[in-house]
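Please keep the sequence and the structure in view while reading.

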Amino acid sequence: MPKIIHRDIKPGNILIDNKGCVKLGDFGVSLLIPENGSELINSNAGSDKFFSPEACMSKTYRGRLTDLWACGVTLYMIATGDFPFKGVHKKLYREI
């Protein structure tokens, strides 16, 4: 299992090298998973259009699952060229 929670997976942070290998870039808001293995996070960072529902609604959420959610949103965007969820302001949630 990876020991890093990226927290900002999106198309702009995916790089492809000259051999066609996919790389993940921009670890500016990432977190290292501590020795106890806890991946619980209680703050948001990254791009809100890629936040999981848990990251939008609760104070504590699991970082790896949120990264997986962001991967799904990214794959959808690659396949369709658009976001999977749209609201009046193109946001999944309203900041409080």
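With which residue does Asp8 form a salt bridge?

## The Asp8 pair

In this predicted model, Asp8 forms its salt bridge with Lys10, and the closest N and O atoms of the two are 3.9 Å apart. Asp8 is buried, with a relative accessible area of 10%, whereas Lys10 is partly exposed, with a relative accessible area of 22%. A search of the whole structure finds three salt bridges.

Glu39 takes part in a salt bridge with Arg62, where the closest N and O atoms are 3.9 Å apart. Because Glu39 lies in the loop between E4 and strand E5 (40–41) while Arg62 belongs to strand E6 (residues 61–62), this pair ties together parts that are 23 residues apart in sequence. Glu39 is buried at 9% relative accessible area, and Arg62 counts as partly exposed at 46%.

Glu39 also meets the side chain of Arg64 in a salt bridge, at 3.4 Å from N to O. Arg64 lies in helix H2 (residues 63–80) and Glu39 in the loop between E4 and E5, so this pair ties together parts that are 25 residues apart in sequence. Arg64 is partly exposed, its relative accessible area being 23%. Through shared partners, salt bridges join Glu39, Arg62 and Arg64 into one network.

## A nonpolar surface patch

Ile4, Leu24, Phe27 and Leu32 make a nonpolar surface patch of about 370 Å². Of these residues, Phe27 is placed in the loop between strand E3 (22–24) and strand E4 (31–32), and Phe27 counts as partly exposed, at 40% relative accessibility.

Technical notes:
Residues are numbered from 1 along each chain as its sequence is written. This is a predicted model: local features need pLDDT of at least 70, side-chain atom pairs count only at pLDDT 80 or more; totals for chains, interfaces and linings use all residues. Side-chain values use heavy atoms; hydrogens and water are left out. Patches are made of residues with over 30% relative accessible area and no salt bridge: like charges are joined within 9 Å, nonpolar side chains (Val, Leu, Ile, Met, Phe, Trp, Tyr) within 5 Å. Accessible areas come from the Shrake-Rupley method with a 1.4 Å probe; for residues, only the protein chains shown count as cover. A salt bridge is a side-chain nitrogen of Lys or Arg within 4 Å of a carboxyl oxygen of Asp or Glu. Helices (H or I, at least four residues) and strands (E, at least two) are DSSP runs, numbered from the N terminus. Buried means under 20% relative accessible area, exposed over 50%, partly exposed in between (1.4 Å probe, protein chains only).
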